[in-house]
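Subject: the model you asked about

Hi,

Here is the structure I promised to pass on.

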Amino acid sequence: GSTSGAISALNYAVRMGAHLSNNSWGGGGSSSLLSQAISNARTAGHIFVAAAGNSGQNNDLTPNYPSNYSFDNVVAVAATDSRDALASFSSYGATTVDIAAPGVGILSTLPGNTYGTYSGTSMATPVVAGVAALVKQANPKWTPALIKSALINTAKSVGSNIPLRAVGAGRVNALNAVKAKVTIDAGPNATMSFGM
């Protein structure tokens, strides 16, 4: 694929009223045109869930695109294994990777009515996209930023299994995210908290 193809696909999804997209792809570096398309998607209320990458690198230091675009509608996803540990291949970043999801040995469909198991942040990303869709369904008026916050604030802390350097939250928790209720305190020092 190409960056121009990704831009066309995103623009089409937004134009057709899609609330979110799963972006299990990466590469090509930063693009001002793709950045603008993601910004336009944000304005339209679209959540852009993106794979953090499979290079095992720190995305805080070596950016991975499109997951490193810093819009509040971009949710960057790392991969975990069956022990809730960061997958050996998964890229990470305390400030640039938002959340993790299972991404090792994931059963998936293949062409020709068959199945196979795959590993990668591209397998973890649709898990988070699916949870984001559930949260959107439960809270149709929530903004992308609020849905992203709900995903992060209700994630399961996996303690020492994912070092603090790895991701900003922990492993996505569908039940907690869907049950999340938000409280916003007004005033000069407005705060937001999540509960269930």
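Below is what I found, going from the whole chain down to single elements.

First, a caveat: this is a predicted model. So please read everything here as computed from predicted coordinates.

The whole chain

The secondary structure comes to five helices and eight strands. Starting at the N terminus, the order is α-β-α-β-β-β-β-β-α-α-α-β-β. The chain has 196 residues, and 43% of them count as buried. If you take the contacts between residues at least 6 apart in sequence, 65% join residues that are at least 24 apart.

Going across it, strand 1 and strand 2 run parallel and are joined by four bridges. To find that pairing on screen, look for Leu 20, which stands opposite Ile 47 in strand 2. Strand 2 also pairs with strand 3 (residues 74-80), again in the parallel sense and over four bridges. Here Ala 50 has Ala 76 of strand 3 as its bridge partner.

How much of strand 2 is buried? Five of its five residues are, so strand 2 is largely enclosed by the rest of the structure. Ile 47, Val 49 and Ala 51 point one way, while Phe 48 and Ala 50 point the other way, and all are buried.

Helix 1 covers residues 3-15, and its 13 residues should span 18 Å at 1.5 Å a residue; the end C-alpha atoms are 18 Å apart, so the two agree. Its buried residues are Ala 6, Ile 7, Leu 10 and Ala 13. These cover an arc of only 130° around the axis, so they sit on the same side of helix 1. As a reminder, an α-helix has 3.6 residues a turn, so residues three or four places apart point the same way. What do the buried residues of helix 1 pack against? Strand 1 (20-23), helix 2 (32-43) and strand 2 (47-51). After helix 1 comes Gly 17, which has a positive phi, near 90°.

Helix 2 gives a similar check: its twelve residues should span 16 Å at 1.5 Å a residue, and its end C-alpha atoms are 16 Å apart, which agrees. Leu 34, Ser 35, Ala 37, Ile 38 and Ala 41 are buried in helix 2. They cover an arc of only 160° around the axis, and that puts them on the same side of helix 2. Ser 32, Leu 33 and Thr 43, on the other side of helix 2, are exposed. The cover over the buried residues of helix 2 includes helix 1, strand 2 and strand 3.

How do these two helices meet? Their axes come within 10 Å and cross at roughly 10°. Since angles under 35 degrees count as roughly parallel, that makes helix 1 roughly parallel to helix 2. On the helix 1 side, the contact is made by Thr 3, Ile 7, Leu 10, Asn 11 and Val 14; on the helix 2 side, by Leu 33, Leu 34, Ala 37, Ile 38 and Ala 41.

Leu 33 is worth a click. It is part of the contact with helix 1, yet Leu 33 is exposed, with a relative accessible area of 60%. Leu 33 and Thr 3 are 30 residues apart along the chain, with their C-alpha atoms separated by 8.8 Å.

Ile 106 has Tyr 118 in strand 6 as its bridge partner. The two strands form a hairpin with three residues between them, and Gly 112 in the turn has a positive phi of about 85°.

Helix 3 covers residues 121-138; at 1.5 Å a residue its 18 residues should span 26 Å, and the end C-alpha atoms are 26 Å apart, which agrees. Its buried residues include Met 123, Val 128, Val 131 and Val 135.

Cheers

Technical notes
Residues numbered from 1 in each chain as written. Predicted model: local features only at pLDDT ≥ 70, side-chain atom pairs only at ≥ 80, totals over all residues. Heavy atoms only, no water. Expected span 1.5 Å × (residues − 1). Buried < 20%, exposed > 50% of the residue type's maximum accessible area, 1.4 Å probe, protein only. Arc of directions from axis to C-beta. Contact = heavy atoms within 4.5 Å. Pairing = 2+ DSSP bridges. Axes fitted to C-alpha atoms, helices over the stretch in contact; angles between N-to-C directions. Parallel < 35°, antiparallel > 145°, perpendicular 65-115°, else oblique.
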